[in-house]
Amino acid sequence: MKLTHFDIITVDIPMRQSVRHALAERNVARNILVAAHDEAGNTGWGECCPRPYVTGETIDSVKQDLTNTILPQLLGRELDSFEQSTSVLVPLLDSMARNQQAAFCAAELAVLDLAGNCFDTSAGMILGPVQTSQARYSGVIATDEIEAVKQNAAFMAKFGVTDVKVKVGASLESNLEILTTARAILGDKVTLRIDANCAWSATESIQQLTAMQAFSLTGVEQPVSGEDIEGMQAVTAAKLAPVVADESLCSLEDARTLIREQACDIFNVRISKCGGLINAGRIDRLAREAGLACQLGAQVGEAGILSAAGRHYATRSQGVRWCEGSYGQLLLEEDITEPDVTVGPGGVAPALETHGMGVSPVPERLQRYEHERQTVYS
């Protein structure tokens with residue numbers, strides 16, 4: 001299998017509802033797909049969701065890094081086995097900066113998908129064998145409009161999810177109203193955790209979490225800015241709720257820093273922001289060796305390729321605390337891949353054990369949402 005050329009495709013997929021948090025508001029999923037091609041005409045697919053407030057990457061920076069730095073080092077490579085893809089990808093991954101993680105993710109997933117299809121192997125084998133036959137996904141409430149909170153909570157209660165994450169903001173009064181509303185509808189059997197998306201200082205975090213003790217929160221995600229490791233330390237030490245590192249965790253080096261500084265209890269492993277499946281596995285192992293937990297996170301608006309990548313991580317890890325993503329047809333106007341990997345009732349979704357990533361774009365759907373395309377040759 002020889003890598004001959006790559007396509008870089010930008011897609012814009014309308015979302016069924018707007019998602020808003022302290023750092024951004026989004027009603028269109030603008031993602032980048034990468035298609036890897038070999039000399040026999042086979043194709044593998046990857047995806048990333050660049051977010052400037054997470055890794056510092058934009059659509060333009062990802063395209064530039066793919067075109068000038070990442071793909072030229074893959075073009076012309078001969079892969080004689082699925083295992084050899086690791087030996088090609090790992091050195092390249094280790095040379096990536098923190099603001100190149102999403103770009104590398106798209107390329108990595110495309111190569112793993114192509115190699116998996118060519119050598120009759122699941123792309124998830126980069127993480128090891130399946131550990132659990134299914135994953136159970138959380139619901140996410142990402143609005144501060146109370147009527148919308150009511151509608152979202154009612155849907156989740158009917159859908160049967162057992163864990164819900166609630167996006168919160170700067171106002172304690174508003175946050176308490178949101179949590180009170182969600183709890184009243186979801187009941188006491190559904191666990192609640194919150195995501196502040198860097199909205200607070202360490203002092204504000206402790207004040208907010210102290211006022212929220214009655215809700216028995218199972219976690220607080222990124223209470224302070226991603227760069228504020230001292231703030232993360234302080235909130236973690238307060239032990240008011242388990243602290244989840246998200247914007248603070250993008251690279252393998254970030255994981256090492258958080259462990260060394262005792263600056264969180266849980267890693268939020270989002271495949272796109274963490275550089276792909278290889279890094280997801282490495283970060284997961286670091287966490288467990290340090291006595292920390294992990295959750296599968298997702299960028300808002302992930303399409304089927306990233307959903308499949310997340311599923312591989314969720315079902316091949318030794319056990320993730322919570323899973324997010326695979327919202328596909330629930331969030332997007334139309335997902336672009338088949339088969340459909342959208343979560344089912346109760347948030348339950350099966351492991352993927354077919355060749356490659358297990359999904360691929362439907363040509364007519366891809367054409368419908370394609371915004372821009374360029375091809376990179378050797």
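Predicted model: local features only at pLDDT ≥ 70, side-chain atom pairs only at ≥ 80, totals over all residues.
**Entry 1: the largest cavity**

I began with what lines the largest cavity: its residues divide into four nonpolar, five polar and three charged. For these classes I count Ala, Val, Leu, Ile, Met, Phe, Trp, Tyr, Cys and Pro as nonpolar, Asp, Glu, Lys and Arg as charged, and the others, Gly among them, as polar. Among the lining residues I found Tyr137, Ile271, Leu296, Glu302, Arg311 and Ser326. E11 and helix H10 (304–316) are the elements that give two or more residues to this lining, and H10 gives the most, with four. The space in the largest cavity is about 50 Å³, and the structure holds two cavities of 30 Å³ or more.

A note on terms: on a 1 Å grid over the protein atoms alone, a cavity is a set of points where a 1.4 Å probe fits but cannot get out, while a pocket is an open set with protein on both sides within 12 Å along at least five of seven lines; lining residues have an atom within 4 Å of a point. Grid points are joined across faces, edges and corners, and a volume is the space filled by probe spheres set on the points. Helices (H or I, at least four residues) and strands (E, at least two) are DSSP runs, numbered from the N terminus.

Residues are numbered from 1 along each chain as its sequence is written, and side-chain values use heavy atoms, with hydrogens and water left out.

**Entry 2: the largest pocket**

Next I looked up the largest pocket, which has a volume of about 620 Å³. It is lined by 38 residues, and the closest to its centre are Gln17, Val19, Val140, Tyr327 and Leu331. By class, I noted 16 nonpolar, 13 polar and nine charged residues in the lining. Helix H4 (146–159) is one of the elements that supply at least two residues, and H4 gives the most, with four.

**Entry 3: the sheet**

In what order do the strands of the open sheet run? I read seven strands as E5-E6-E7-E8-E9-E10-E11, with parallel pairing (two strands pair if DSSP finds at least two bridges between them). E5 and strand E11 (293–297) are the edge strands, each pairing on one side only. Five bridges join E6 to strand E7 (residues 191–195), and valine 166 stands opposite isoleucine 194 in E7.

Is tryptophan 200 buried or exposed? Tryptophan 200 counts as buried because its relative accessibility is 4%; buried means under 20% relative accessible area, exposed over 50%, partly exposed in between (1.4 Å probe, protein chains only). I found tryptophan 200 in the loop between E7 and helix H6 (202–211). Not counting residues up to four places away in sequence, tryptophan 200 touches residues including Ile194, Met212 and Pro223 (contact means heavy atoms within 4.5 Å). The C-alpha atoms of tryptophan 200 and proline 223 are separated by 5.8 Å, though the two residues are 23 apart along the chain.

Aspartate 246 sits in the loop between strand E9 (243–245) and helix H8 (252–260). Aspartate 246 is buried too, with a relative accessible area of 1%. Leaving aside neighbours within four places in sequence, I listed Glu221, Gln222, Asn268, Arg270 and Lys273 as its contacts.
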